[in-house]
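The following paragraphs lead through the structure shown here, from the whole chain to its sheet, its helices and a few individual residues. Please keep the sequence and the model in view while reading.

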Amino acid sequence: MLPIVLREAFAVLEEAAAAGHLSTYGIATWSGFTEGLITVKLLDRLATEAAGSPDHRLRAVQLPVSLVEADALELALDGRGPIGEAAERGWQVFASAPLHGGELVRAATDELAALLRPGLSVAQACLLAAASCPGVTKILLSASAPAHWEAARAALDQAAIPPWTLRKVCDVLAPHHPG
């Protein structure tokens, strides 16, 4: 049922793009990839069917990427999973919930922040970890005060955390390896 609904939605979006109302579109999910409901390959196929050609306008996916929702990050470190597959296609990847609704800031430690990037606060280091995920092109973030925006900007102005550091942190936080 879901593929039919998605194909129909993509057809409407493709018509809107053909009429000049939008140039590209994307799909957002909290658990669709992790629950196996959708894959990038399936999305690409459905958009191709909706457009009638591989030149569809589906160009973005949004999914949670954080040290709490680390499966997508771990897979991306190997160029696999939804982030790696979307990046292979040249799609934008929007990382949502990089601080997991603030839960990560309360759960993470100063030692973790120092491992990720010395000198950053816990929130900044965890935000930079999500932004450093290979294939992620944008971070979606909300902030409750202007100072939080400035702290986030300062963190995101830093060089990316090296993949080997991200892998080490993922191994410590969740010592399983997603298939």
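In counting charges, Lys and Arg are taken as positive and Asp and Glu as negative, while His and the chain ends are not counted. The place of a charge is NZ of Lys, CZ of Arg, CG of Asp or CD of Glu. By this count the protein chain carries 13 positive and 19 negative side chains, and the centres of the two sets lie 4 Å apart.

The model is a predicted one, in which local features need pLDDT of at least 70 and side-chain atom pairs count only at pLDDT 80 or more, whereas totals for chains, interfaces and linings use all residues. Residues are numbered from 1 along each chain as its sequence is written, and side-chain values use heavy atoms, with hydrogens and water left out.

Helices (H or I, at least four residues) and strands (E, at least two) are DSSP runs, numbered from the N terminus. The protein chain contains nine helices and four strands. Read from the N terminus, these elements follow the order α-β-α-β-α-α-β-α-α-α-β-α-α. The protein chain is as compact as a globular protein of its length, because its radius of gyration is 17 Å, close to the 16 Å that the globule rule gives for 179 residues. Here the radius of gyration is taken over C-alpha atoms, and the globule rule is 2.2 Å times the number of residues to the power 0.38. Along the principal axes, the C-alpha atoms fill a box of roughly 50 × 40 × 25 Å.

The accessible surface of the protein chain is about 9200 Å², with 57% of it belonging to carbon and sulfur atoms. Accessible areas come from the Shrake-Rupley method with a 1.4 Å probe; for residues, only the protein chains shown count as cover. A residue is called buried under 20% relative accessible area, exposed over 50%, and partly exposed in between (1.4 Å probe, protein chains only). Of the 179 residues in the protein chain, 40% are buried. Contact means heavy atoms within 4.5 Å. Among contacts between residues at least 6 apart in sequence, 74% join residues at least 24 apart.

How are the strands arranged? They form an open sheet of four strands in the order β1-β2-β3-β4, with parallel pairing. Strands β1 (25-28) and β4 stand at the edges with a single partner strand each, so one side of each is left without a neighbour in the sheet. Two strands are said to pair if DSSP finds at least two bridges between them. Four bridges connect β1 and β2 in the parallel sense, and Tyr 25 stands opposite Leu 58 in β2.

Strands β3 and β4 run parallel and are joined by two bridges. In β4, Lys 138 is the bridge partner of Phe 94, and Ile 139 is that of Ala 95.

The loop between β3 and α5 holds Ala 97, which has a positive phi of about 50° although it is not a glycine. His 100 is placed in the loop between β3 and α5 and likewise has a positive phi of about 50° without being a glycine. His 100 is buried, with a relative accessible area of 15%.

Among the helices, α4 (residues 81-88) has Gly 81, Pro 82, Ile 83, Gly 84 and Ala 86 buried. These buried residues pack against α2 (40-51), β2, α3 and β3. After α4 comes Gly 90, whose phi is positive, near 80°.

Helix α7 (residues 122-131) is largely enclosed by the rest of the structure, because eight of its ten residues are buried. They are Val 122, Gln 124, Ala 125, Cys 126, Leu 127, Leu 128, Ala 129 and Ala 130. Their cover includes α3 (71-77), α5 (103-107), α6 (110-116), β4 (138-139), α8 (146-156) and α9 (163-173). Within α7, Gln 124 is buried with a relative accessible area of 13%. Leaving aside neighbours within four places in sequence, Gln 124 is in contact with Ala 151, Ala 154 and Ala 155.
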